[in-house]
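Please read this note beside the model.

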Amino acid sequence: MAATLAEKILARASGRERVKPGDVLEPAVDLAMSHENGALVINQFSEIVKDTGLEPRVWDPSKIAIIFDHRVPAESSKTANNQRKIREFVVAQGITKFHEIRGDEGGICHQILPENGYVRPGAVVVGTDSHTTTHGALGALAWGIGATEMAAVWALGRVLNVETPPTIKVVIEGKLPELVTPKDIILYLIGKLTAQGANFRVMEFHGSAARAMTISGRLVLSNMSVEAGATSGLFVPDEETVRYLREDAGVKEDIPLIAPDPDAVYERIVEINVSDLEPQIACPHTVDNVKPVGEAAGRRIDQIVIGSCTNGRLDDIEAAAMILKGKKVAKTVRMLVFPASGRIYRQALERGFLGILAGAGAVVMNSGCGCCLGIHQGALADGEAALSTTNRNFKGRMGNPNAEIYLCSPAVAAASAITGVITDPRKGA
Amino acid sequence: MPKVVFKVGDDISTDTIYPGRFMATVLPTETPQHCFADYKEFNDKANRKELPEGGIILAGNNFGCGSSREQAASCIKGHGLTVVARGIARIFLQNAVNLGLNTIIAPDVVAGEGDELALEKGALVNKTTGKSFAIVPHAPARQAIIDAAGLIPYARRKLMEQHGKRA
Ligand code: SF4
């Protein structure tokens, strides 16, 4: 039987010839990622090993990655204590893919993994973070799991009781108009599929527009595929994947590619053409409440946010800087920018983008998850509205259930920063 | 007979069930105090002890969407409640199974707060209205973990097998 990309990867990782949707597997893990929630994984790992008479050793310290990003620098003593506990564990276990709170090698987990070449086509990647789907951009089957499930992975090196998911083929044709971006494609798709449309399913991206996308753009689509409920969102690895891994991630070894069979069986095929796509906005309080920017234009905004694992990369910051160059952020708006990694921060600094943004009135924050999840920095007041390039607009996401969050591309965010209201970047500010 | 003690709508995210600002709290003994932290109604009920063990949270579609944070499952479990939903998001459902939070998926369920629900012959019956609803059984992969009383004992057994030890 012909196989989808996910089926091929799961079959290889489970030592099987072929697998079909519904098959229950125990795939071997190539990379297991955690962040601050590693503190909970450590607790659960001790519980599993307790009373077995075995040493509490992880299965393979070279395959575990831990990145501090969600609450950096620590916002409370409780977090600081969790981080210390993880540091001690990292040393005791000999975990090498550990990224501290640093300007040289720190950043958001979903940026750190690709830019350091930790993710390869065909790999099985699990992470204690729902946006682990991001790594599908490089052709890895990558999905989010809970802390207890990760503890079992640390102990065994495989994921227990994985049910092979069916795949939805998403064919994206056409050529994106100017100032319309991969973020607009994925928002449009989520609006079409709904927030649960891909629950328990994998999305596999095809089509001329998918192939034309850089890895940075692909990361946006894979990242947000979980907002349609998807287990994972996969691109077929190609020359662009190899280029990224060689040039940006510094990978020296062979990079074997993997592709779905042409006659693979998909549960469903969704086709869109993006040649006439408009910039999109996800309105409060669900990510699938998506409208063309025109329908939300004019809405007053109190806080603009550019950053996150979705849109905090160099091209995103550049797009914002080019729109804000020589302009000012409206006095009624606070604009916050947090680059996705220390490397991106330094590149944006060297190329002058951060200077342009700060000069326009934006506050450039340290790289990390920043205000994306409402833990520290950039909380909203009651009744306020934020326009953000992040990936979730759930009630309370930015720390206040009495505030509203709209999601958009960096171009829409930057154009709106100038006017103080939701603005179509194609119309100019 | 268990009653619906708290009713919510569709797409209730983990940010609503367990807000991000409490994520540094991880112990299952401590997470319940932040359950639905921004829902006054839930907290008033908890304070008035109106959330009896075995009581039901009734939810719409896509319950638990969003983050992988396990605290969202552990905080509800800590209150001793069961989740009955029209649909549950994948990661939340897996976390619930792993931690032993009781979940029932009934895609067409209709009930109000105070209604009594019971499982009878593989269906969910609203004893207050007399209506019966089909349930979606747990997939075998998850049922095996439920039968083992959670992922920790299940994984421990696998680990012992891997090392040629007997549990
Ligand atoms: S930036 Fe936001 S969505 Fe991305 S990993 Fe951090 S908290 Fe999660």
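1. Between domain 1 of chain B and domain 2 of chain B there are 0 salt bridges. A salt bridge here is a side-chain nitrogen of Lys or Arg within 4 Å of a carboxyl oxygen of Asp or Glu. The two domains do have 2 residue pairs in polar contact across their interface, both at pLDDT 80 or more. A polar contact is a pair of N or O atoms within 3.5 Å; within protein, one must be able to donate a hydrogen and the other to accept it, and residues adjacent in sequence count only if both atoms are side-chain atoms. By class, the side of domain 1 of chain B that touches domain 2 of chain B has 4 nonpolar, 3 polar and no charged residues (Ala, Val, Leu, Ile, Met, Phe, Trp, Tyr, Cys and Pro count as nonpolar, Asp, Glu, Lys and Arg as charged, and the others, Gly among them, as polar).

2. The model is predicted: local features need pLDDT of at least 70, side-chain atom pairs count only at pLDDT 80 or more, and totals for chains, interfaces and linings use all residues. Residues are numbered from 1 along each chain as its sequence is written, chains are lettered from A and ligands numbered from 1 in the order in which they are written, and side-chain values use heavy atoms, with hydrogens and water left out.

3. In chain B, domain 1 covers 4-136 and domain 2 covers 137-167, with bounds from an automatic or database domain assignment. About 690 Å² is buried between domain 1 of chain B and domain 2 of chain B, and carbon and sulfur atoms give 62% of this area. Buried area is the accessible area (1.4 Å probe) that two parts lose on being put together, summed over both.

4. Over all chains, the structure holds 35 salt bridges. One of them pairs A:K78 with B:E30 at 3.8 Å, N to O. This pair joins two chains, because A:K78 lies in helix α3 (residues 77-93) of chain A and B:E30 in the loop between α1 (14-17) and α2 (40-47) of chain B. Helices (H or I, at least four residues) are DSSP runs, numbered from the N terminus.

5. In the salt bridge of A:K427 with A:D424, the closest N and O atoms are 3.9 Å apart.

6. A network of salt bridges links A:E240, A:R243, A:E247 and A:D248.
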